[in-house]
Structure formats: structure tokens, C-alpha cells
Amino acid sequence: MMRRFKEAARQGRVENALRKALAEKGLAAEITIRALEGRISAAVVLKEGLGAQDPAALEAELLGASGADRLTLVTTAHENAGSSGRPAPLKPAPARGGHADPLGLGAKVQARPSPQRPNGVRAVIAVASGKGGVGKSTVAASLALRLSEQGLRVGILDLDIHGPSLPVLFPREEKLRGEEGRVIPAEAEGLKLVSLGYMVDERQAVAWRGPMVMNAARQLIDETDWGELDILIVDTPPGTGDAHLSMIQRLKLDGAVLVATPSPLALADVRRGASLFEKAGTPLLGVVVNMTGGPMGDDLPPGLAEELGLDVLDRTPLSPGVASLPFRKESGATLEGTTQAVTALFAQLKGDSGARSD
Ligand SMILES: Nc1ncnc2c1ncn2[C@@H]1O[C@H](COP(=O)(O)OP(=O)(O)OP(=O)(O)O)[C@@H](O)[C@H]1O
């Protein structure tokens with residue numbers, strides 16, 4: 001009890017010191033402070049450009065001023081344009097005590113100037129939820145299958161480092177090895193699949209913390225050889241943590257779909273999920289209400305979708321058929337509304353970029 005009290009007090013001090021340091025520099029930012037095993041991690045998401053400042057120097061300065069054990073500075077695509085018009089180089093947070101090559105690819109994580117789509121990928125859609133267990137991975141996999149039925153080339157990137165879901169939905173016997181520093185996707189049901197769980201023993205990753213999780217996510221994002229894909233679905237971990245920061249720093253997201261259960265408790269979770277993407281400047285396509293028709297009811301809490309300006313794309317019933325494993329072509333939810341929203345976005349992106357595949 002006493003320890004928790006002290007930890008909370010320290011978190012408060014770190015936050016105040018950070019706010020002061022940022023205010024002195026005239027920088028507007030969203031601050032998230034987390035305590036994990038007695039260590040305080042701070043994430044600073046800048047709301048505007050960095051101007052002439054070097055992000056690595058600023059990150060080090062804020063770390064020192066805040067007294068946190070670890071600090072990650074995040075600038076997003078929009079922010080990188082900066083008031084100077086010069087893209088601000090992003091450097092990965094110092095991986096103190098961590099391992100720079102968690103997947104054993106022989107390739108260290110490199111700096112990336114701004115979020116990008118992976119080579120050969122035409123559109124990237126994130127599927128996210130404010131909390132775990134609401135059916136996000138089931139929806140991500142169902143959506144991938146439904147889009148593939150439309151003739152699109154689809155991949156899924158599972159960014160859940162501590163509890164990867166793809167190997168449960170689409171199991172395979174042998175672990176995959178990186179080739180020449182690249183991650184090679186598994187394939188099932190016509191989909192390309194990348195997950196830490198296909199490469200590394202999950203028990204090994206359970207002990208990974210901040211920098212290691214971020215580096216693993218960065219390697220999956222940067223080093224995968226997708227070939228040619230129309231749509232990459234990113235199955236994000238629940239909540240908003242280290243892997244999310246890697247995601248919004250490095251991956252250009254064309255749209256996001258939120259998943260929530262109809263429970264009144266979904267309120268805070270949906271708001272949290274929505275705010276992450278708003279900060280990153282990612283358009284929210286809408287929300288899938290999953291597990292309807294059970295004790296939790298049929299819909300989101302009244303007024304929530306309107307408050308956040310979100311369309312309800314689909315309502316998927318609580319049904320064993322939706323959840324039967326392993327996933328096959330005919331498995332999962334029908335997701336008509338979501339499939340339509342994503343194919344419409346894809347058509348629009350294709351129109352914008354003409355014949356180019358970037
Ligand atoms: N509509 C549904 N009807 C019945 N069961 C469902 C439905 N959607 C998901 N499930 C089941 O609920 C459980 C959680 O689903 P899933 O793993 O997709 O959630 P998640 O939000 O991705 O969880 P995690 O936080 O672990 O990543 C799984 O056992 C899944 O099969």
C-alpha cells in the first residue's frame with residue numbers, strides 16, 4: 001500500500017516536472033506516465049512540430065528534467081511536417097538495458113524519419129480496442145478474410161508482443177526464421193501473417209519490457225517482406241502501450257477500426273482507443289460492437305458513438321460460430337459494414353495514388 005502511494009507520488013512529480021519543462025520550451029504535448037515494476041516510463045506525444053529542435057537531444061533533455069527512468073518522445077506524421085517544413089528525424093528511444101535485436105534478425109532497429117507504409121503495401125488499417133478480450137483479434141482476422149474474399153491481397157500484422165493471437169487463430173507447427181535480416185510472413189487461408197508468436201517462444205517474450213517490446217514491434221513493422229499487399233490489417237495490442245507508440249511513430253495508418261463490447265464499461269475504453277488515433281491523425285472508420293445479444297446487451301452506451309463522431313460499422317452476435325478455431329476461410333464474423341468501409345477507403349486511396357502502389 002505504502003509502496004503504491006510512493007509510486008503514485010513519484011509519478012506525479014515526474015508529470016509535473018515534464019509539464020514544466022515542456023511549457024518552458026513552448027511545446028504542447030500529451031503526456032502518459034506509467035509505473036512498471038517500480039520504474040517510471042513517460043511517453044510524450046508532441047501536438048505540434050519540433051521546429052529546429054533535434055528530437056534525440058530533446059528526448060534526452062526531457063528524460064533528465066523529468067526524473068523518469070525512461071522517456072519516449074513521439075512525433076507523428078502531421079507533427080513531422082513541423083513549422084519549419086523540414087521533416088524532423090526520429091531516433092528510437094535509447095534501449096537502455098534492452099536488446100536492440102529481439103527477433104534475432106541480425107538487423108538493428110534504424111531511425112525512421114516519419115511514419116511510412118511498408119514497401120509494397122497499398123493501405124494500412126489498424127484494428128484496436130481500449131481493453132483486452134473484446135474480440136479485437138477475432139474481428140481483425142474476420143475482416144482480413146472478408147477482404148480477401150473480395151479479391152484483395154491481405155496481410156495481418158499482430159503487434160501484440162505479450163499475447164500474440166495469430167498463432168492461436170492460424171496455428172502452424174514450426175517457428176519461422178528471419179531470412180537475411182528480414183521477417184518472412186507465414187501464410188494461411190490466402191493471407192500473409194506476421195506475429196512474434198510465429199518466430200519466438202512466447203514464454204521468452206513475457207519478461208520483455210518497454211525498450212525490448214518497442215524494438216520487437218519496430219522490427220516486425222520495419223523488417224517484414226510482405227511482397228505485394230493491397231491491405232495490411234494491424235492487430236494492435238489491447239490498451240495503449242509501448243507497441244502502440246512504435247506503431248504510430250513508424251507506420252502510416254490509413255484508417256482505424258475500434259472494437260468494443262456493448263457493456264456500459266466500454267465507455268472509457270472506446271474513448272481511450274479513439275484518442276490514440278486522433279493524436280496520430282488517423283481517420284477512425286468506426287466501431288464494431290462485438291458480442292451483442294448476450295448479458296451485456298446489444299449496443300454501445302447511449303450517445304457514445306455520437307459523442308466521438310463514430311459510425312457503428314457492424315454489430316456481431318455473441319456466438320460460438322464466430323469464435324470457432326482454427327480460423328478457416330468461412331470462419332469469423334460477417335462484418336459487412338466494416339468490409340464496405342475498408343474497401344471504399346481502399347478505392348479512394350487507389351484513386352488518389354493513380355497506378356502507383358505506394
Ligand atoms: N462474437 C463472438 N462470439 C463469441 N466469442 C467471441 C466473439 N468474439 C470473440 N470471441 C472469443 O472471445 C475471446 C477473446 O477474443 P479475441 O482474442 O479476439 O479478443 P482480443 O480483444 O483480441 O483479446 P486480447 O486482448 O487477448 O488480444 C476469444 O476466445 C474469442 O474466440
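Start by selecting Met-291, which is found in strand β10. This is a predicted model, and in it Met-291 has a positive phi of about 70° although it is not a glycine. Most residues other than glycine have a negative phi.

**The sheet**

Now extend the selection from β10 to the sheet. It is an open sheet of eight strands with mixed pairing, and its order is β6-β7-β5-β8-β4-β9-β10-β11. To find the edges, select 186–188 for β6 and 312–317 for β11; each of these strands pairs on one side only. Going across the sheet, the twist averages 25° from one strand to the next.

To see one of the pairings, pick Ala-186, whose bridge partner in β7 is Leu-193.

**Helices on the sheet**

Next, show helix α4, residues 136–149, which packs on the sheet. The strands touched by α4 are β4 (121–128), β5 (154–158), β7, β8 (229–235), β9 (255–260) and β10 (284–292). Compare directions with β8: that of α4 makes about 170° with it.

Then show helix α9, residues 266–280, which also packs on the sheet and touches β4, β9 and β10. Here the strand to compare is β9, whose direction makes about 170° with that of α9.

**From α4 to α12**

For the contact itself, select Leu-143, Arg-146 and Leu-147 on α4, then Thr-338, Thr-339, Val-342 and Thr-343 on α12. The residues of this contact divide into three nonpolar, three polar and one charged.

Now move to the loop between α11 (320–323) and α12, where Pro-326 is found. Display the backbone from Leu-325 to Pro-326: this peptide bond is cis, with omega near -10°. Most peptide bonds are trans.

**The α7 and α8 pair**

Select residues 210–223 for helix α7 and 242–250 for helix α8. They pack at an angle of about 40°, with their axes 8 Å apart, and are therefore oblique to each other. The crossing of α7 and α8 is right-handed. On the α7 side, show Gly-210, Val-213, Met-214, Ala-217, Arg-218, Ile-221 and Asp-222; they meet Asp-242, Ala-243, Leu-245, Ser-246, Met-247 and Arg-250 in α8. By class, the residues of this contact are seven nonpolar, two polar and four charged.

**The two domains**

Finally, zoom out and colour the chain by its domain assignment, with 2–80 as domain 1 and 121–352 as domain 2. The centres of the two domains, taken over C-alpha atoms, are separated by 28 Å. Where they touch, 11 residues of domain 1 are in contact with nine residues of domain 2. To locate the domain 1 side, select β1 (29–36), β2 (39–46), β3 (70–74) and α3 (77–80), the elements that give two or more residues to it. That side has five nonpolar, four polar and two charged residues.

Conventions
Residues are numbered from 1 along each chain as its sequence is written. This is a predicted model: local features need pLDDT of at least 70, side-chain atom pairs count only at pLDDT 80 or more; totals for chains, interfaces and linings use all residues. Axes are lines fitted to C-alpha atoms, for helices over the stretch in contact, and angles run from 0 to 180 degrees between N-to-C directions. Helices (H or I, at least four residues) and strands (E, at least two) are DSSP runs, numbered from the N terminus. Angles under 35 degrees count as roughly parallel, over 145 as roughly antiparallel, 65 to 115 as roughly perpendicular and the rest as oblique. A crossing is left-handed if the near helix is turned anticlockwise from the far one by less than a right angle, and right-handed if clockwise. Two residues are in contact if their C-beta atoms, placed from the backbone, lie within 7 Å. Ala, Val, Leu, Ile, Met, Phe, Trp, Tyr, Cys and Pro count as nonpolar, Asp, Glu, Lys and Arg as charged, and the others, Gly among them, as polar. Two strands pair if DSSP finds at least two bridges between them. Domain bounds come from an automatic or database domain assignment.
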